[in-house]
Amino acid sequence: MRPVLTLFIAVTIVILVLPTMIVGSWEKVAPTPSLEQPGVKIQVYITDSQQLMPLALEDYVKGVVAAEMPASFHLEALKAQAVAARTYAVKRARVFGGRGCDAHPGADLCTDPGHCQAWLPAAELQKKWGMIEYSSNWTKISQAVEETAGQIITYQGVVIDPLFHSTCGGQTEDAGAVWQQSFPYLVPVTCTYCQHSPKLKAEQKFSLSAFAAALRELDGTIAVTAQGLKSQAPALTVAEKTATGRVATVKLGSSSLKATALRHALGLNSTRFTYKIEGEQIVFQVQGYGHGVGMCQYGADGMGKAGKDYGAILKHYYQGTEVTKLR
Ligand SMILES: [Zn+2]
Ligand SMILES: [Zn+2]
């Protein structure tokens, strides 16, 4: 009897106890957002006036969409942007379990686009667009936000980091290739939809002396001069590319430099570039605009124009994700 009893106990544990433990621990790591009570406000730090402003989530999302995407974009692109903006807010806001904006104590989010998300109040939008356009733009943005009210993006039940950029130039980039951290939903996808972006291709020129000065400022150990760039060919080489063909590192003599750092120092549109030295200038041919990770905004517009809805847009740029509703 004993072995039978032991087996019975073991089977009972496997059937009844183990699933409870697994579900229990999963719930701990992946809390489902469950707060959308009427009147819930998030604290937004307005970077310009340096003040905290309490805003209802959906009102905040409207100001983000208006600031982060041209209102002329296809309605489905604006809806995709609305869901991404709401997802970002829910991920950060303390009332939904987020950690808040770590640059401004007491704030859930700030309006600095370099830190959290851009956001513009009605008065600024009226100035930016003029009164007549304001009315039609605001109606369109409100429609995009209201038709997606409460919707967020999750990956296996967890709220995602919905990164986006202007124009990928043909293929999006892996998050791990730009920063140190990879995410299963921020992986490269082909994008044939941003061909109409004014930022698809650009030529950016710098005098060799300005270029050398920018490099020295970036890294004091770099002893590059305009003369050196011209004569010691090749003084500057591409040392490494990412899997999607963006420049990862460049080499200057014995120093190497991350292309993302070079991009920020020079204000290059993206790291998808080639360059050549012409006389006293260095000329960059740059494709796309932004870091290239996550949703390509011009691509979203192109997908909308091609008849795709916002759900399809989000699932394309955020692989393996679901659009779910806050409860
Ligand atoms: Zn912030
Ligand atoms: Zn694209």
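I began with one residue, Ala-89. Leaving aside its neighbours within four places in sequence, I find Ala-89 in contact with Ile-42, Leu-57, Tyr-60, Val-61 and Leu-109. By contact I mean C-beta atoms, placed from the backbone, within 7 Å of each other.

A note on what I am reading: this is a predicted model, where local features need pLDDT of at least 70, side-chain atom pairs count only at pLDDT 80 or more, and totals for chains, interfaces and linings use all residues. Residues are numbered from 1 along each chain as its sequence is written, while chains are lettered from A and ligands numbered from 1 in the order in which they are written.

**Entry: the cores.** Which residues touch the most other members of the largest nonpolar core? I get Tyr-60, Val-61, Val-65, Ala-80, Ala-89 and Leu-109, out of 61 residues in that core. Helix H3 (residues 75-92) gives the most to this core, with 10 residues. Another core lies apart from it and has 17 residues, including Leu-215, Val-250, Leu-268 and Phe-273. For my own record, a nonpolar core is a set of buried Ala, Val, Leu, Ile, Met, Phe, Trp, Tyr and Cys residues joined through C-beta atoms within 7 Å. Buried means 20 or more other C-beta atoms within 10 Å of the residue's own, exposed means 12 or fewer, and partly exposed is in between, with C-beta atoms placed from the backbone.

**Entry: the whole chain.** I count 11 helices and 14 strands in the protein chain; these are DSSP runs numbered from the N terminus, helices being H or I of at least four residues and strands E of at least two. Of the 327 residues, 39% are buried. Among contacts between residues at least 6 apart in sequence, 63% join residues at least 24 apart.

**Entry: helix H7.** In H7 (residues 208-218), I see Leu-208, Phe-211, Ala-212 and Leu-215 buried. Down the axis of H7, its buried residues fall within an arc of 95 degrees, so they line one face of the helix; the arc is that of the directions from the helix axis to the C-beta atoms. What do the buried residues of H7 pack against? My list is strand E7 (201-207), helix H8 (226-231), strand E9 (247-252) and strand E12 (281-287).

**Entry: H3 against H11.** The axes of H3 and helix H11 (residues 310-317) come within 8 Å and cross at roughly 60 degrees. These axes are lines fitted to C-alpha atoms, for helices over the stretch in contact, with angles from 0 to 180 degrees between N-to-C directions. From H3, I note Glu-76, Ala-77, Lys-79, Ala-80 and Val-83 making the contact, and from H11, Tyr-310, Ile-313 and Leu-314.

Entry: Leu-55 sits in strand E2 and is buried, because 21 C-beta neighbours lie inside 10 Å. Leu-55 and Lys-41 are 14 residues apart in sequence, yet 5.1 Å apart in space, C-alpha to C-alpha. Beyond four places in sequence, Leu-55 is in contact with Lys-41, Ile-42, Val-44 and Tyr-60. Gln-50 is in the loop between strand E1 (41-46) and strand E2 (51-56). Its phi is near 55 degrees, positive in a residue other than glycine.

Definitions and conventions
Two residues are in contact if their C-beta atoms, placed from the backbone, lie within 7 Å.
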